[in-house]
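Please read them with the structure open.

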Amino acid sequence: MVAGAASLVVLAAMGAAGVAALRRWAGWLEPLEQFAYGVPLGVVAASLVLLALAIAFGLSAALVAFVGLASAAGAVVLWPERAALAAWPVAARERLACLGGRSPESVGRAGLTALRKAWLKGTLAPTLVVVAFALRWLVFWRGALTLGPDGLVAGQINIWGDWMVHLDDVATFAYGDNFPPQHPRFAGIAYAYHYLPALTAAALVKLGMTPWAALTLHSFVFSVLIALGLYAFARRLTRDRGAAALALVLFLLGGGLGWVLVLAKANGAHDLWGTLLHHTWDQGQQAAANFQWQTTFYAFIAPERGYLYGLPLALLIFTALFVAVQGADWRPFLVAGVAAGLLPLAHLSTLLALALIAPFLFLLFPSWRWGWFFVPWAALAAPQLLAQQGGLRRGATSALRLKIGWIAAPDSWPWFWLKNLGWFIPLVVVALLARDLLPPRARRFLLGFMPLFALTNLVVFQPWDWDNEKFMVYWFLAVCVAVAALLARAWRERPAATPRFLIAGVVATMILSGVLVDWQQLSGQDRHQLLNPEEVHLAALVRAETPPRAIVAVGLQYNHPITVLGDRVVMMSYPGWLWTQGLDYAQRERDLRAIYAFAPDAPALLRRYNVSYVVIGPAERQDLQANEAAFRARYPVAISTEHYEVFKVGP
């Protein structure tokens, strides 16, 4: 409890500096925007400072506390002058009057009360939506990753698939002294990845939290901030609170027609409730039927932790750009450019998505003032990218290639998207063609996101084709805003029961897949073991009995205990992770196999890769044919459990 409270205080202090910065230099933002975007901005900036200091002095609780205190002091310095705070009641009165379309002088106390009630009525539904998501996520994140008698267990399939990497990143920063960061799973090269969210979580570990608790607390806080930011962004573009709340629901839960497979399964089993209670969602069956679009929260926000920083920064950037293209002020462009410059270590997928969207926004709103965006962005991002993309790395974007239709085959391209996104596709066409649905500049701004859909259906940007969906998230965000505006207007203009029933039915088909995925998780059907108790114990022994910067040779299984929780950089790990990051691992895999077979050059290879320990367990025996007898004859056993032995092979 104490460690969790301290972690929240540090996060709040970091975030306060970002809120203060936006209040001072981005006064054109709404208060909700300043909070929802400012907290992530402050945490990202403070984490970058923490990274620089950790490289110089090592990561410690004292250093984390220092950065927290410095952030709090920065917030005090940056916060607007006290006169502005003293004038807050007058400013609030003026704002409330303006919301009612009247001059401040014409509104008395009774009028203000009436306007306040009307304002509260308009915010009730959005508040309930955000609170509902926050409460649901509180339950989800409490069980997302737990340690118990069954070992380390993930509460959702995508957490199980991705958080092995995130746990490893956090552990190597917190316990492995991995500064300057080298690749935790491919020793000896720069870590060309958006590892900043892991560094923030590692800072919380230094304050006393376990890695899994730090990850879940950090993820919960930023999930709520993302919900607030999504609502604020949609509200600014639509000028409609109801539409903004619906856009939030559509973005987080929206999907295609995969729910039809669930109903078909229930019909075949003649057991609707049994299917829903025990076999709600079969991801393998969905993939086999070519339903590839996954619910945004469970596909990206929860497992892909880079979105915890990438999404809020993107919302700040797009909001600033939208404000900038509506006036003659250059300062919103500058704010957007500075925020974009923080993306390389925060989230590379958002960086690339922004690089694909920004040119089209420039063409739609041409102005020399865009220089205030592009120049700071390049100036801040370029040095980070040069340092980040060093070493023996080819780079994930080196896999760029033409692939017309993306992964639609064997379906035809139109049918693939119709079944994967259902009503979203036809409705967004109607919404963007309707000239009076959105403010003209908002409509044109959302049109700037549409080419991203075409590009990602023509070109694959990373080794794994499916990863294009990481960029499409931002196209889908624009789609949800436009579609929500259309549905909200239809609801208001069609008060009769039949039209509203049809509108509600359309919305239900758009979110039912997401609701079923969420129910599967909530009902406990989606739990998966990451590590068994022996493997958790082995990882703890390695952490306790080996030097922090020791390099370890391990097998190639995706959930090896040393690469998940052992806190040490390894010579090489699961090839699937390395391939998606554009690493050429073929020669190193041959060398690793030679080491485990104890080929004649094995001792020389161990020295070449600076390996200090070799782990031999079930995976090494089965997949790498480890010559355990040769290791026993030559090297001492440093750690031993029932199924594992760790040999000390170097200094």
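Predicted model: local features only at pLDDT ≥ 70, side-chain atom pairs only at ≥ 80, totals over all residues.

The points below run from the overall fold to single residues.

1. The protein holds 32 helices and 10 strands. Its C-alpha atoms fill a box of roughly 90 × 65 × 45 Å along the principal axes.

2. Overall packing. For 651 residues, a compact globule would have a radius of gyration near 26 Å; the protein has 26 Å, so the two agree. Buried residues make up 58% of the 651. Take the contacts between residues at least 6 apart in sequence: 74% of these join residues at least 24 apart.

3. Main core. The largest nonpolar core has 182 residues. Within this core, Phe251, Phe373 and Phe445 touch the most other members. Helix H24 (residues 469-493) gives the largest share, 17 residues. Another core lies apart from it and has 31 residues, among them Leu592, Ala602, Ala630 and Phe631.

4. Phe251. Which residues does Phe251 touch, not counting those up to four places away in sequence? The list is Leu230, Thr296, Ile301, Leu311, Val473, Phe476, Leu477 and Cys480.

5. Leu248. This residue is found in helix H10 (residues 241-253). Leu248 counts as buried because its relative accessibility is 1%, under the 20% cut-off. Beyond its neighbours within four places in sequence, Leu248 is in contact with Val129, Val130, Phe133, Ala227, Leu230 and Tyr231. Leu248 and Leu477 are 229 residues apart along the chain, yet their C-alpha atoms are separated by 9.0 Å.

6. Helix H16. This helix (residues 331-340) is mostly covered, with 7 of its 10 residues buried. Those residues are Pro332, Phe333, Val335, Ala336, Gly337, Ala339 and Ala340. They pack against helices H1 (2-25), H15 (307-324), H17 (343-346), H18 (348-364) and H19 (371-388).

7. Ser349. Ser349 lies in helix H18. Is Ser349 buried or exposed? The relative accessible area is 4%, so Ser349 is buried. Leaving aside neighbours within four places in sequence, Ser349 is in contact with Tyr307, Lys470 and Phe471.

8. Backbone checks. Most residues other than glycine have a negative phi, and most peptide bonds are trans. The next two points cover the departures I would look at.

9. Cis peptide bonds. The bond from Phe179 to Pro180 is cis, with omega near -10°. Pro180 lies in the loop between helix H7 (157-174) and helix H8 (196-206). The bond from Ala409 to Pro410 is also cis, with omega near 10°. Pro410 is found in the loop between strand E3 (401-402) and helix H20 (413-421).

10. Positive phi. Trp406, not a glycine, has phi near 55°. Trp406 is found in the loop between E3 and H20. At 4% relative accessibility, Trp406 counts as buried. Asp567 also has a positive phi, about 70°, although it is not a glycine. Asp567 is found in the loop between helix H27 (561-565) and strand E7 (569-570). Asp567 is buried, with a relative accessible area of 0%.

Terms used. Residues numbered from 1 in each chain as written. Heavy atoms only, no water. Core = buried A, V, L, I, M, F, W, Y, C linked by side-chain atoms within 4.5 Å. Buried < 20%, exposed > 50% of the residue type's maximum accessible area, 1.4 Å probe, protein only. Helix = DSSP H or I, 4+ residues; strand = E, 2+ residues; numbered from the N terminus. Contact = heavy atoms within 4.5 Å. Rg over C-alpha atoms; globule rule 2.2 N^0.38 Å.
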